Amino acid sequence: MSMDEEFKNTEQYAESDDKISYEPYRFDWAQPEWKDTRHIHKRAALKDFGTERHRDKDVYLSREIAEEEWEKLFAKTWHFVGHMNDIHKENRFKKVEIGHESIIVTRGKGDKINAFYNVCQHRGATLVESDFGSAKKLVCPFHKWEYGMDGSLKKIIDRETFREKALCHDLNVPKVRAESWRGFIFINMDPDAMPLKDWIGAELDQLLSAYDFEKSVRVREVVMEWPVNWKLAHQAFNEGYHVQATHPQFFPAVNAYHVQHDLYPNGHGRSIYNFMMPTPHLKEVPQDLAVEHKIFLREAGLTEENFPKTYAEVPMAIINAKKARKNYAIDYSKFSEGQLIDDWGVGFFPSTETFLHPEGWFIQHWRPHPSGDPLKCIYSAQVYAVPGVGELPSFTGVQGKVNPDLDKQPGIVYLDTDDLEGLGPVISQDREVTPRTGRGVKSRGFKGAVYSDQEIRIRYWFDEYYKYMRGHKP
Ligand code: FES
Ligand SMILES: [Fe+2]
């Protein structure tokens, strides 16, 4: 059933006698008091971005602004492109597409990463079309110029037919900055960008130190075109406000209301979602455990007979079971109690959002469309898991047991833009609803967005965005 049909069957269109009532403004929600010896739940200082309506609709509609964005923002910032384990052997490569650019990332000796544009220096043909591979050299299919795995030119066929002066230029493929952080590979097209480590920042690095990022292996990667501006799609992952409307199946197992949003330097953010707890929007808490409860209980090593009987017992049952686990793939003692069940949504500016659990991470991106059309974008997502774990939350789109294996990592799945099933049960709802905002912002009847403080990360994001667009960032 499409979302429209579903809405028609609910009270969405029904007359309501309810008076609109609301509590006075408050934002500084108390979080559950988890044992947190490392103080990683500490709230970052909140900033006040005011209450102005966001009237600048052109950022979603204008092709000129999209081009400017490419030059001033995308070509200047670090972008997550994969993991060292995606290219786990010397001479393995991964092709990465961002906007209209295609970039080859290769593994050199040891931990060395090379990244260079996927373009032959003879007449501009792309060097590789496959997403992954291993090679000792890259041979251009057009006239067979040969390059090393670091992009250096090695051989020109019929070299004697070129005059010396025609070949006196630098004919190595231009490099792209590539650095790794905790196993993750980021690229930057700006040779003068600040080092990746500094851009991520010491605070975020410390907050995330428990997760075994380095060990993780890719178990799924998807790419799909979304018919909406990349910023509008990305925004839905910077706030939990829409969860009560867009993802009602989460009511029993996700409290997306009392979310702690934190803002970190360079536009990054964190949102802590209390999992395994019902949302306060739920008027009556049902008795049966929800699918998500069961996944988490199984993942904690509990069997159906040992499942708790009530919702209220679920969080501590999972926390205690994980803490008691010995000789498991994950050393749960490194994590705070909250981290054992909560979802940590950590966003890396400008367009990468992660959902982190001790067992694995779901990493999503919304990037400009290669055609430059501001009303479309390319969505991509990678799911990584720690070898030896069992199940991951359902929103990752991975169902049942994961089986992370370095030598059997899956290829990229290219989903048709309407393949909601392929996207999984949760993200498909975001894919369906966000293009509505794309249509709406065009209307003369829409004067610009207003944001609650549940959407503070969107305001912060734009604060950083305009720094790039107005040339205040290097
Ligand atoms: S375009 Fe690559 S060898 Fe001619
Ligand atoms: Fe969503």
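Two strands count as paired if DSSP finds at least two bridges between them, and this definition is used in the first exercise on the predicted model shown above.

**Exercise 1.** Determine how β12 and strand β13 pair, and then find where β12 stands in its sheet.

*Solution.* Begin with the pair itself: β12 and strand β13 (residues 269-275) run in the antiparallel sense and are joined over six bridges, where at least two are needed for pairing. Within this pair, V254 stands opposite F275 in β13. In general, the strands of a sheet pair through backbone hydrogen bonds, either parallel or antiparallel. Next, widen the view to the open sheet of eight strands, whose order is β12-β13-β14-β15-β16-β17-β11-β18 and whose pairing is mixed. The edges are held by β12 (254-263) and β18 (413-415), and because each has a single partner strand, one side of each is left without a neighbour in the sheet. From one strand to the next, the twist averages 20 degrees.

**Exercise 2.** Classify the crossing of helices α3 and α13 from the angle between their axes.

*Solution.* The axes of α3 (residues 63-74) and α13 (residues 456-469) come within 8 Å and cross at roughly 95 degrees. Angles of 65 to 115 degrees count as roughly perpendicular, and therefore α3 and α13 are roughly perpendicular to each other. At the contact, E68, K72 and L73 in α3 meet Y465, Y468 and M469 in α13. Sorted by class, this contact has four nonpolar, no polar and two charged residues.

**Exercise 3.** Decide whether C140 is buried or exposed, and list the residues that it touches.

*Solution.* Locate C140 first, in the loop between β6 (138-139) and β7 (146-147). A residue is buried if 20 or more other C-beta atoms lie within 10 Å of its own, and C140, with 20 such atoms, is therefore buried. If residues up to four places away in sequence are not counted, C140 touches C120, H122, A125, L127 and W145. The C-alpha atoms of C140 and Q121, which are 19 residues apart along the chain, are separated by 9.6 Å.

**Exercise 4.** Work out how the buried residues of helix α8 are arranged around its axis.

*Solution.* The buried residues of α8 (residues 291-299) are H293, F296, L297 and E299. Seen down the axis of α8, these residues fall within an arc of 165 degrees, so they line one face of the helix. Their cover includes α9 (314-324) and α10 (337-341). After α8 comes G301, whose phi is positive, near 95 degrees.

Methods: Residues are numbered from 1 along each chain as its sequence is written. Chains are lettered from A and ligands numbered from 1 in the order in which they are written. This is a predicted model: local features need pLDDT of at least 70, side-chain atom pairs count only at pLDDT 80 or more; totals for chains, interfaces and linings use all residues. Axes are lines fitted to C-alpha atoms, for helices over the stretch in contact, and angles run from 0 to 180 degrees between N-to-C directions. Helices (H or I, at least four residues) and strands (E, at least two) are DSSP runs, numbered from the N terminus. Angles under 35 degrees count as roughly parallel, over 145 as roughly antiparallel, 65 to 115 as roughly perpendicular and the rest as oblique. Two residues are in contact if their C-beta atoms, placed from the backbone, lie within 7 Å. Ala, Val, Leu, Ile, Met, Phe, Trp, Tyr, Cys and Pro count as nonpolar, Asp, Glu, Lys and Arg as charged, and the others, Gly among them, as polar. A residue is buried if 20 or more other C-beta atoms lie within 10 Å of its own, exposed if 12 or fewer, and partly exposed in between; C-beta atoms are placed from the backbone. The arc is that of the directions from the helix axis to the C-beta atoms.
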